[in-house]
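Subject: Structure for you to look at

Hello,

The structure we talked about is placed just below. My notes on it follow.

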Amino acid sequence: MGAILTCKGCGATKLYPTGDPTDLFPSEHCGDCPPWICEGCGETCSAVALCSCWVQLDTLLLADVKALFGADGTFSVDPA
Ligand SMILES: [Zn+2]
Ligand SMILES: [Zn+2]
């Protein structure tokens, strides 16, 4: 499934994966966006100073990725 990763904030389109969570789903905001007010916590948020909501999201995604690996580090995902 080839998603077109267009930022919902400024409309910038990513041409290739960059290894961050926006590879998986379109970002609300990207590095090209000016600082914005987070709808979740009301803090000022920007690409270089993400608010606490994004920190939590990153932690969550990291946990999901780790869950895909067995205890011995073998990558094992049932394709079904
Ligand atoms: Zn953007
Ligand atoms: Zn926030």
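I start with a single residue. His29 is buried because 21 C-beta neighbours lie inside 10 Å of it, and the cut-off for that class is 20 or more. His29 sits in the segment before β1, a strand that spans 36–37. Leaving out residues up to four places away in sequence, His29 touches Cys7, Gly9 and Trp36. Of these, Cys7 is 22 residues from His29 in sequence, and the two C-alpha atoms are 5.8 Å apart.

Please keep in mind that this is a predicted model. The mean pLDDT of the chain is 75, and 62% of the residues score at least 70. Where is the confidence highest, and where is it lowest? It is highest in β1, at 88, and lowest in helix α1 (residues 52–67), where the mean is 67. Where pLDDT is low, the coordinates of a prediction should not be read in detail.

As for the overall layout, the chain contains 2 strands and 1 helix. Their order from the N terminus is β-β-α. The chain has 80 residues, and 5% of them are buried.

Thr22, like His29, is placed in the segment before β1. Is Thr22 buried or partly exposed? Thr22 counts as partly exposed, because it has 18 C-beta neighbours inside 10 Å, and a buried residue needs 20 or more. Apart from residues up to four places away in sequence, Thr22 touches Leu5, Lys14, Ser27 and Cys30. Leu5 is 17 residues from Thr22 in sequence, with 7.3 Å between their C-alpha atoms.

Cys51 belongs to the loop between β2 (44–45) and α1. With 17 other C-beta atoms within 10 Å, Cys51 is partly exposed. Which residues does Cys51 contact, once its neighbours within four places in sequence are set aside? They are Cys38, Cys41, Glu43 and Cys45. Gly40 is 11 residues from Cys51 along the chain, and their C-alpha atoms are separated by 9.2 Å.

Regards

Technical notes
Residues numbered from 1 in each chain as written. Chains lettered and ligands numbered in written order. Predicted model: local features only at pLDDT ≥ 70, side-chain atom pairs only at ≥ 80, totals over all residues. Helix = DSSP H or I, 4+ residues; strand = E, 2+ residues; numbered from the N terminus. Buried ≥ 20, exposed ≤ 12 C-beta atoms within 10 Å, placed from the backbone. Contact = placed C-beta atoms within 7 Å. pLDDT = per-residue confidence, 0-100.
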